[in-house]
Amino acid sequence: MRTKLSTESLNLSFGTKQVLKNITVSFNEHEIAALIGPSGCGKSTLLRTFNRMHDLFPDAHIDGRLKLEELDLYDKTIPVTEIRKRIGMVFQKANPFPKSIYENIAYGLRINNLPHNKDVVEKALREAFLWEEVKDDLKMPATRLSGGQQQRLCIARAVALRPEVILMDEPCSALDPVSTLKIEELITHLKEKYTIVIVTHNMQQAQRIADKTVFMYLGEIKEEGATQDIFNFPKNEVTANYIKGQFG
Amino acid sequence: MRYKTRISLDKLFKIVFKATGLLVLALLGGIFLMLIYNSFSFFLDVRPLDFITGMEWNPTGDTPRYGMLPLILSTTLVTFGAMLIAIPLGIGTAAFIAEYASPRLKNILKPAIEMLAAIPSVVIGFLGIVVLSPQIATMADLPNGLNALNGAILLAIMALPTIITVAEDAIHAVPNTYKEASYGVGATKWQTLRKVVIPAAFPGIIAAIMLGVGRAIGETMTVLMATGNASMFPTGMFDAVKTMTATIAIEMGEVPYQTTHYYALYAIATVLFFMTLIANMLGEYFINKFRKYHAV
């Protein structure tokens with residue numbers, strides 16, 4: 001397995017508050033990695049360093065190295081838009097644009113100067129298991145879809161750009177169990193083509209879909225390894241307590 | 001205080017506040033009725049259609065003419081010109097404050113813009129006479145620069161604070177999740193602003209424009225000072241124009257009481273009342289639409 005995404009001694013602080021402490025971690029190609037840990041432990045923050053979402057906050061200070069294969073993600077000569085095209089993101093709350101279903105997919109293609117026609121849009125929607133449900137009303141405002149459908153549309157929007165990595169920030173936290181299962185099935189399916197890093201609060205979800213699990217606590221990585229090992233034989237006491245549900 | 005006194009005080013103030021509330025309503029109704037009542041006296045002499053579509057305003061001629069079309073056109077011309085300047089400037093400034101300015105610059109700009117609204121209109125009119133007028137005269141090779149263009153520039157300055165403040169609120173209220181979604185697929189700041197933020201804020205921006213229009217239509221002192229007040233039929237931005245507001249302000253002081261001319265001024269005021277009312281109602285309608293849209 002090739003390493004797709006990695007960090008080396010990554011430290012991040014907002015103003016004077018250090019949020020990530022000395023993170024060194026790597027994620028393999030065509031695998032699903034789950035980031036777990038109690039609220040405020042820095043998992044979303046870590047996730048958002050990979051597509052440079054912290055660039056929007058002037059007081060975020062990052063040092064250490066982040067790499068997509070051999071590419072330095074914080075190299076100043078590489079436009080951030082290029083990185084975000086290669087590393088897509090799905091957010092916690094489904095956030096389709098207030099435009100039609102078709103336009104939601106076409107938007108990303110258009111701004112990246114990629115061809116956008118019905119075939120490309122259809123392919124993306126099919127990949128996100130949404131095509132059959134929406135094929136007759138692509139002109140409908142995306143905000144009229146159900147929560148689960150909206151989240152799958154957001155996944156379609158991400159895959160339409162053919163990224164290499166998809167980052168998912170608790171994509172199911174606002175969804176009912178049926179929609180959640182559907183998205184999990186979709187994520188498992190997507191790993192054949194993409195590398196996926198997912199933040200989740202749901203222990204069962206991590207066990208169901210992730211190949212690798214990383215447990216974070218207070219801005220540090222406490223333990224990482226194959227999902228089976230982490231959940232069945234945690235080496236660290238904090239990890240053991242967390243997955244047993246004793247805190248968090 | 002004794003219990004009984006407290007209760008009666010409570011009742012007294014309830015009545016006082018109710019009275020003040022009703023007084024405002026009565027004032028609005030009273031003004032409206034006064035306008036309508038006096039306009040009726042005018043329309044007994046002149047047919048409404050002749051009044052609105054008449055091409056000449058000359059109430060003091062040998063055969064008085066009460067055509068207010070030149071006045072409507074003057075007001076429209078000046079307002080339209082003002083909006084042509086104020087809309088791009090206002091929305092640009094609003095976008096800058098909401099999306100680009102650093103917090104420090106924002107803290108300077110916002111109060112500065114509110115202070116712009118506090119400049120008395122007579123001061124702005126004064127600027128129009130002493131600063132703008134000579135400039136326009138030199139540039140366009142005219143004897144003086146008191147014309148529609150002058151008024152439009154001044155009104156643009158006066159409408160800017162309203163437009164900027166309301167449009168900035170609208171842009172600022174666009175949910176962050178939309179922006180994140182756009183940045184997430186690789187959009188630049190400008191692409192995000194143009195294709196996601198501005199369309200999402202659009203009803204609010206329309207509201208800002210309509211409130212700006214309302215402000216510009218009703219403004220009197222500035223246009224009276226800066227536009228030359230020639231009651232001829234306007235043909236362009238370099239003509240001297242006499243707006244509806246200026247006409248009322250100038251002629252009301254000299255007109256004989258209860259003549260047709262006197263009532264005609266009331267009729268102009270009624271038309272003006274409806275024009276600003278419509279502009280403001282459109283503005284309010286779009287603001288409410290914007291609020292509803294973002295509440296979901």
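**Close-up 1. Helix α4 of chain B, end to end.** In this predicted model, α4(B) covers residues 103-116, helices being DSSP runs of H or I with at least four residues and strands runs of E with at least two, numbered from the N terminus.

Numbering starts from 1 along each chain as its sequence is written, and chains are lettered from A, ligands numbered from 1, in the order written. Local features need pLDDT of at least 70 and side-chain atom pairs 80 or more, while totals for chains, interfaces and linings use all residues.

**Close-up 2. Strand β3 of chain A and its neighbours.** Five of the five residues in β3(A), 32-36, are buried, so the rest of the structure largely encloses this strand. I32(A), A34(A) and I36(A) point one way, A33(A) and L35(A) the other. β3(A) runs parallel to β8(A), residues 195-199, over four bridges (pairing takes at least two DSSP bridges), and A34(A) sits opposite I198(A). Four bridges also pair β3(A) with β9(A), residues 212-217, again parallel; there A34(A) has T213(A) as its bridge partner.

**Close-up 3. Where chain B touches chain A.** Here 14 residues of chain B contact 17 of chain A, contact meaning backbone-placed C-beta atoms within 7 Å. On the chain B side, α7 (176-184) and α8 (189-218) each give two or more residues, with the largest share, six residues, from α7(B).

Terms used:
Two residues are in contact if their C-beta atoms, placed from the backbone, lie within 7 Å. The expected span of a helix is 1.5 Å times one less than its number of residues. A residue is buried if 20 or more other C-beta atoms lie within 10 Å of its own, exposed if 12 or fewer, and partly exposed in between; C-beta atoms are placed from the backbone.
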